[in-house]
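Here is a short briefing on the structure shown below. Points are grouped by topic.

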Amino acid sequence: LTSHATSLAALLRPFPWPAITPDLRIGFKGNASEVIEIIARSCGGGVERLDGIRAQYEDGAWALARASITEPAMTFRMEGRDREHLLSIVDRFLQEVPELKRQVKARIA
């Protein structure tokens, strides 16, 4: 074990932490299953379907959408390298559902 004059925090500073949203619950009274299918067809990336839809992108970013079973809402969650990258993931993931995209981006801003 060696000692360094530089702290761990200082060593990690050049590496930005990923930007991760909390669960974003968006009120939605439409057909959530239909919206999830629209997202699945247009979001790009590798699509997984376990509980809703999760898209994994080639740069390590991901996005998730699922319908609530307890209220008329959908939950979204995304991860990107930084805030700008996260916003571009929102654009890509929700490109065919502009109203939801607008609401998700408003929660991130």
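Helices, of at least four residues, and strands, of at least two, are DSSP runs numbered from the N terminus. On that basis the protein has four helices and six strands. The model is a predicted one.

**Overall architecture**

- Along the sequence, the elements follow the pattern α-β-β-α-β-β-β-β-α-α.
- The C-alpha trace spans about 60 × 25 × 25 Å along its principal axes.
- The radius of gyration is 17 Å, whereas a compact globule of 109 residues would have a value near 13 Å.
- Of the 109 residues, 35% count as buried.
- The protein exposes about 6900 Å², and carbon and sulfur atoms supply 55% of that area.
- Take the contacts between residues at least 6 apart in sequence: 56% of them join residues at least 24 apart.

- Helix H2 covers residues 32-42.
- Its buried residues are Ala 32, Val 35, Ile 36, Ile 39, Ala 40 and Ser 42.
- These buried residues pack against four strands: E3 (46-48), E4 (53-56), E5 (62-67) and E6 (73-80).
- They also pack against two helices, H3 (83-93) and H4 (98-108).
- At the start of H2, Asn 31 places a side-chain oxygen within 3.1 Å of the backbone nitrogen of Ser 33.
- After H2 comes Gly 44, which has a positive phi, near 75 degrees.

- Strand E2 runs over residues 24-27.
- Leu 24 and Ile 26 form its covered face, while Arg 25 and Gly 27 form the uncovered one.
- E2 pairs with E6 in the antiparallel sense, over four bridges.
- Within this pairing, Ile 26 stands opposite Met 74 of E6.

**Thr 75 in strand E6**

- Thr 75 sits in strand E6.
- Thr 75 has a relative accessible area of 1%, so it counts as buried.
- The side chain of Thr 75 makes a polar contact of 3.2 Å with the side chain of Arg 25.

**Salt bridges: overview**

- Side chains of opposite charge can pair when their charged atoms come close.
- The whole structure holds ten salt bridges.

**Salt bridge Arg 49 to Glu 37**

- Arg 49 forms a salt bridge with Glu 37, with the closest N and O atoms 2.6 Å apart.
- Arg 49 lies in the loop between E3 and E4 and Glu 37 in helix H2, so the pair ties together parts twelve residues apart in sequence.
- Both partners are partly exposed: Arg 49 has a relative accessible area of 48%, and Glu 37 has one of 32%.

**Salt bridge Arg 81 to Asp 59**

- Arg 81 forms a salt bridge with Asp 59, and the closest N and O atoms are 3.6 Å apart.
- This pair links distant parts of the chain, 22 residues apart.
- Arg 81 is in the loop between E6 and H3, and Asp 59 is in the loop between E4 and E5.
- Arg 81 is partly exposed at 46% relative accessible area, as is Asp 59 at 35%.

**Salt bridge Lys 101 to Asp 91**

- Lys 101 forms a salt bridge with Asp 91, where the closest N and O atoms are 3.9 Å apart.
- Lys 101 belongs to helix H4 and Asp 91 to helix H3, ten residues apart, and the pair links these distant parts of the chain.
- Lys 101 counts as partly exposed, with 22% relative accessibility.
- Asp 91 is partly exposed too, with a relative accessible area of 30%.

Conventions. Residues numbered from 1 in each chain as written. Predicted model: local features only at pLDDT ≥ 70, side-chain atom pairs only at ≥ 80, totals over all residues. Heavy atoms only, no water. Buried < 20%, exposed > 50% of the residue type's maximum accessible area, 1.4 Å probe, protein only. Contact = heavy atoms within 4.5 Å. Polar contact = N/O pair within 3.5 Å; in protein donor to acceptor, adjacent residues only side chain to side chain. Salt bridge = Lys/Arg side-chain N within 4 Å of Asp/Glu carboxyl O. Pairing = 2+ DSSP bridges. Rg over C-alpha atoms; globule rule 2.2 N^0.38 Å. Areas by Shrake-Rupley, 256 points an atom, 1.4 Å probe, with all protein chains shown as cover.
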